[in-house]
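Please find below some points to check while viewing the model.

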Amino acid sequence: MDLFGMLYLDELSHGLANLSMFPYFDIAHYIVSVMALREQPGALDVSRVSPLACWFSSMLYCFGGAVLSGIMLSEPLVSPLSNGTSVLLASIVWYLIFYCPMDVAYSCANLLPIRLVLSGMKEVTRTWKVLGGVTQAHERYKDSLLVMIAIGWARGAGGGLISNFEQLVRGVWKPETNELLKMSYPTKVTLIGAVLFALQQTHYLPLQKHHLMLFYTIFIVVNKSRMMLTGSSSSPFTPIESVLYKTLFTGHSSYAALTGEAQKTGTDNGVSSRAASNTTKVSKESRSSGQNSSSSPFKGDKSLLKAKEESKAEYSKKIR
């Protein structure tokens, strides 16, 4: 493309495509992943009670995508742990984040400038993971677009997709946090990347692979940096999701109508019951106040006189 040559994007995209993830980008991925685990409720307590469970949870955070995609492709579960160097690096990061003296490692990595750089490097690895999953599925199932999307999604966002299993390792069971029920931003952006790379692999998307890698990487890195700097957790896809949901998935049905009528009836009953209880309460209070006033007829007059004297005193102070 002439436009890419004029903007020097062709050389940049080739340089990005030939960039090695080991060791610096992989270490950044391990640091951010283990920090995310440490910030989960109860993770520090687990690290003190059972270091083995904490280490296993950290490995799931670091290699969850490889584990899930391996299961889907009928590969051995221990294959992600076959790379001893990567496991050793992830284990060193885990120990420093959880057990470093004076908590120096976590405190330094949690500084905003450092964490911003580490998170950006982690997002770069997301591109390689998604592309690796799509390419691996394309080698086995050349014409299956759905399989390529599923494997790329699992490879790039496996840590989030198996979060319920990881929570079980720490003795926590929260099925309402399932990513399929309520997707987080990383899971959504990984799914979009898997769709794009799968379309490119099957030649439905007329774009070179290294160009798509450049565009996708810039998008996820810039958006992640924006979310961290502004402290916002809102997804940029929310307006599109809202329009699609209202257009495609909120059709009228008899069940929805019956449910709405039932909710309306229940609301009306609740309002009427609350109104009746409030009326009863007011009548009781009026009776009790009447009794009190009858028992002490001069109490109200004394309070009125006292209030008038106080107002006069304040007015005189203002005049002075």
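1. Y99 is partly exposed, at a relative accessible area of 21%, whereas F98 is buried at 2% (buried is under 20% relative accessible area, exposed over 50%, partly exposed in between; 1.4 Å probe, protein chains only).

2. This is a predicted model: local features need pLDDT of at least 70, side-chain atom pairs count only at pLDDT 80 or more, and totals for chains, interfaces and linings use all residues. Residues are numbered from 1 along each chain as its sequence is written, and side-chain values use heavy atoms, with hydrogens and water left out.

3. Rings of Phe, Tyr and Trp (its six-membered ring) pair if their centres lie within 6.5 Å; planes under 30 degrees apart are stacked, over 60 edge-to-face and the rest tilted. The count under this rule is nine aromatic pairs. The ring centres of W94 and Y95 are 6.4 Å apart with planes at 65 degrees, so this pair is edge-to-face. F98 and Y99 make a tilted pair, with 6.3 Å between centres and 45 degrees between planes. Ring pairs join W94, Y95, F98 and Y99 in a cluster.

4. Over the face of Y106 lies R38, 4.0 Å from the ring centre (the rule asks for NZ of Lys or CZ of Arg within 6 Å of the ring centre and within 35 degrees of the ring normal).

5. Most residues other than glycine have a negative phi, and most peptide bonds are trans. The bond from F22 to P23 is cis, with omega near 5 degrees. D103 has a positive phi of about 55 degrees, and H203 has one near 65 degrees. D103 is partly exposed at 23%; H203 is exposed at 70%.
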